[in-house]
Amino acid sequence: MNLNTSFTQLENFGHSLKASSYRVRIRTTEDIYEAFQLAKKLGLKVTARGTGISYNDASLNGGGIVLDMTGMNQFLEWDPASGVVRCEPGVTLEQLWQCVEPYGWWPPVVSGTMRTTLGGCLAANIHGKNNFQVGPIGEHVTEFTAMTPTGAVITCSPKKNADLFYSMISGLGMLGIFTSITVKMKRIHSGLISVDAHPVSNLNRHLNDLLEHAPDCDYIVGWLDTFVRGQHLGRGQIHAARSLKAGEDPNAEQTMQLAYQHLPDRLFGIMPKSLLHYLMRPFVNNLGWKAVNAAKYVSAQRKHTFRQSHAEFHFLLDYVPDWERSAGRSGLIQYQSFLPKETAEAAWREIIELSIQRGCPSYLGVTKRHRPDKFLLTHGVDGFSLALDYKVTDGNRKALSAMLQEFDRIVLEAGGRFYFAKNSETSAESARRFLGDETIEKFRTLKKRCDPNNLLESDLYRRLFK
Ligand SMILES: Cc1cc2nc3c(=O)[nH]c(=O)nc-3n(C[C@H](O)[C@H](O)[C@H](O)COP(=O)(O)OP(=O)(O)OC[C@H]3O[C@@H](n4cnc5c(N)ncnc54)[C@H](O)[C@@H]3O)c2cc1C
């Protein structure tokens, strides 16, 4: 065996969780096979890891083997005529858009950061700001290959091994390891996107606007001020965006060049953005962030339309590298819930009120419009999602965890769902309640078939499914 292995401490994106593991750097499918043999010999569990930036324990595996998939990152085929790309799972969204964009294509679904790998995106079945129009990324995958712990390499598509197609995508790497992925890109006619921004004065208006504007645009996303209670709770700003049609951008050839898309790496041309998170730190407390939210709401009052590059629109969160470090030593947690359109307002009103009452407000609130999908461990609903970021401190860790579990109860009673790449406090019982016994049983049956010795396990799997 010739595996590149080291024992190391790994973290989640928010630096709120840590786990020490044997990290094996994977370059080929044979490496995955060898890692499985090693795990069997040593009696260890195995978890795949892309960039490792899930907000929770999805790619952590305390005491076990973590397959670092970032080195398996080659493009295998790219057809600029059809927009179909086949690549290895460690290819990041950044590599992907930079490969296809100059030819007039864009990834059909992207996360709020371009650092994620395609393997990680499929395993979580990510959604974008266009979820209500085009579904999650899995709906754009035409085929993938994966190695199961038995050593078998299987090919799956919506027609071939369809049960595995719809369960490995969303399956959190617990049924097999993706080895190649084929995705169809979305045609674009400009490097720019047209964005309408308008303010909303409360949660009712906020959710109604998401609902009403969504059919007329390609992407929609809302920001809400998480420090306001009472009649203005849920006030914020909506960004509704549409791709430009052929001919709408007279400089399309230039705007589709990569140079036009890059996020600048210096603020005001001077200050390296990599240092910005240090400057943000003194403001990341209840008082400072309340002021930031209020100032943002004031600045959001102007209703206007502007054009932005695709990279700027989609990857706003990459603008300040390592911004999550501004939360300080104990890190941050993101709590994202998905609620039907009929029950969302009352449930989120209760959640936001409770956060403020407990002295533990969220610092950032982001809403999206969603639709259901047919993947096995789906988080899709005909409704909305609200993602809330919470700063963790040594003092609030326990109370925060208890509060997030109370939120789970509110969400479940309102018929909601959770997304397994985000929440870190959701229990096995809560997962069973929203997925249902039948889905969990189906998942277990498929797991037995793909992984008869239960080799694939992560900290998340042990928290939710054991
Ligand atoms: C700033 C930020 C913004 C985000 N915005 C969004 C968003 O808008 N929409 C959204 O849906 N998500 C979003 N996310 C979540 C993110 O897209 C997912 O957590 C994604 O899975 C992370 O990709 P990764 O490569 O880091 O995967 P990891 O975190 O390393 O792994 C995630 C899961 O994928 C599995 N996995 C990884 N590689 C493979 C493989 N080759 N085969 C099988 N399983 C594998 C892991 O075992 C794990 O279960 C965001 C995250 C951040 C940090």
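In this predicted model, Ile154 sits in strand β9, which covers residues 153–156. Is Ile154 buried or exposed? Its relative accessibility is 19%, and the cut-off for buried is under 20%, so Ile154 counts as buried. Setting aside residues up to four places away in sequence, Ile154 touches Phe144, Thr145, Ala146, Thr148, Asn161, Leu164 and Met168. His314 is 160 residues along the chain from Ile154, and their C-alpha atoms are 33 Å apart.

Next up is Gln336, part of strand β18 (residues 332–340). Gln336 has a relative accessible area of 1%, so this residue is buried. Which residues does Gln336 contact beyond its neighbours within four places in sequence? They are His127, Ser385, Leu386, Ala387, Phe418, Tyr419, Lys422 and Asn423. With Ser385 there's also a side-chain to side-chain polar contact at 3.4 Å. Val366 is 30 residues away from Gln336 along the chain, with 9.1 Å between the two C-alpha atoms.

Then there's Ser362, which you'll find in the loop linking α12 (344–357) and β19 (364–370). Ser362 is buried too, at 2% relative accessible area. Its side chain reaches the backbone oxygen of Leu364 at 3.0 Å. Leaving out residues up to four places away in sequence, Ser362 touches Thr226, Phe227, Ser355, Leu388, Asp389 and Tyr390.

Here are the polar pairs side by side:

| From | To | Distance |
|---|---|---|
| Gln336 side chain | Ser385 side chain | 3.4 Å |
| Ser362 side chain | Leu364 backbone oxygen | 3.0 Å |

How values were computed:
Residues are numbered from 1 along each chain as its sequence is written. This is a predicted model: local features need pLDDT of at least 70, side-chain atom pairs count only at pLDDT 80 or more; totals for chains, interfaces and linings use all residues. Side-chain values use heavy atoms; hydrogens and water are left out. Helices (H or I, at least four residues) and strands (E, at least two) are DSSP runs, numbered from the N terminus. Buried means under 20% relative accessible area, exposed over 50%, partly exposed in between (1.4 Å probe, protein chains only). Contact means heavy atoms within 4.5 Å. A polar contact is a pair of N or O atoms within 3.5 Å; within protein, one must be able to donate a hydrogen and the other to accept it, and residues adjacent in sequence count only if both atoms are side-chain atoms.
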